Amino acid sequence: RSSYDNAMRDYNDLRQSYSNIQSEGTTLGEKALRGQIDLTVSTNQFETAKKLCEEYKKSYPNINQPFGCEKAATFSSVESSARDVIINGRVKRIAFD
């Protein structure tokens, strides 16, 4: 989880510090927000993804939504339904359906 948190923090730093700098036809702020959305969708952080997609829509109303946002309405209301834990030196996955 710490790698995820570090990546999200780095994306936030980019969005805050370099949001208006142009790069390849877009701003670094938009690229960072798209990166956050991609990361949250790929790690099943659906509640966070939904919030970021709403923020994207408000911030960039005239630009196509990132791929993960197309299904924002179907995102779950929970962060993640599975956790990995170490028991007796072995990794076990606990999942709630």
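Trainee: Before we start, what should I know about the model?

Mentor: The model is predicted, so local features need pLDDT of at least 70 and side-chain atom pairs count only at pLDDT 80 or more, while totals for chains, interfaces and linings use all residues. Residues are numbered from 1 along each chain as its sequence is written, and side-chain values use heavy atoms, with hydrogens and water left out.

Trainee: How many helices and strands are there in the protein?

Mentor: The protein has three helices and four strands. Helices (H or I, at least four residues) and strands (E, at least two) are DSSP runs, numbered from the N terminus. Along the sequence, the pattern reads α-β-β-α-α-β-β.

Trainee: What share of the residues counts as buried?

Mentor: Of the 97 residues, 28% count as buried. Buried means under 20% relative accessible area, exposed means over 50%, and partly exposed is in between (1.4 Å probe, protein chains only). The protein exposes about 7000 Å², and carbon and sulfur atoms supply 49% of that area. Accessible areas come from the Shrake-Rupley method with a 1.4 Å probe, and for residues only the protein chains shown count as cover.

Trainee: Let us turn to helix H2. What span should its 15 residues have?

Mentor: Helix H2 covers residues 28-42 and should span 21 Å at 1.5 Å a residue. The expected span is 1.5 Å times one less than the number of residues in the helix. The end C-alpha atoms of H2 are 21 Å apart, which agrees.

Trainee: And which residues of H2 are buried?

Mentor: The buried residues of H2 are Gly29, Glu30, Ala32, Leu33, Gly35, Gln36, Ile37, Leu39 and Thr40. Their cover includes H1, strand S2 (26-27) and helix H3 (46-59).

Trainee: Could we take Thr40 as an example? What does Thr40 touch?

Mentor: Thr40 is in helix H2 and counts as buried because its relative accessibility is 0%. Leaving aside residues up to four places away in sequence, Thr40 touches Tyr4, Met8, Gln45, Thr48, Ala49 and Leu52. Contact here means heavy atoms within 4.5 Å. Just after H2, Asn44 takes a positive phi of about 60°.

Trainee: Changing topic, how many salt bridges does a search of the whole structure find?

Mentor: The search finds three. A salt bridge is a side-chain nitrogen of Lys or Arg within 4 Å of a carboxyl oxygen of Asp or Glu. One of them joins Arg15 and Glu55, whose closest N and O atoms are 2.0 Å apart. This pair links distant parts of the chain, with Arg15 in helix H1 and Glu55 in helix H3, 40 residues apart.

Trainee: Is Arg15 buried or exposed?

Mentor: Arg15 is buried, because its relative accessible area is 17%. Glu55, in contrast, is partly exposed at 30%. Not counting residues up to four places away in sequence, Arg15 touches Gly29, Ala32, Leu33, Gln36, Leu52 and Glu55.

Trainee: Now the strands. How do S3 and S4 run, and how many bridges join them?

Mentor: Strand S3 (residues 82-87) and S4 run antiparallel and are joined by six bridges. Two strands pair if DSSP finds at least two bridges between them. Asp84 has Arg93 in S4 as its bridge partner. S3 and S4 form a hairpin with two residues between them, and Asn88 in the turn has a positive phi of about 50°.

Trainee: Why does S4 count as largely in the open?

Mentor: Of the six residues of strand S4 (residues 90-95), the number buried is zero, so S4 lies largely in the open.
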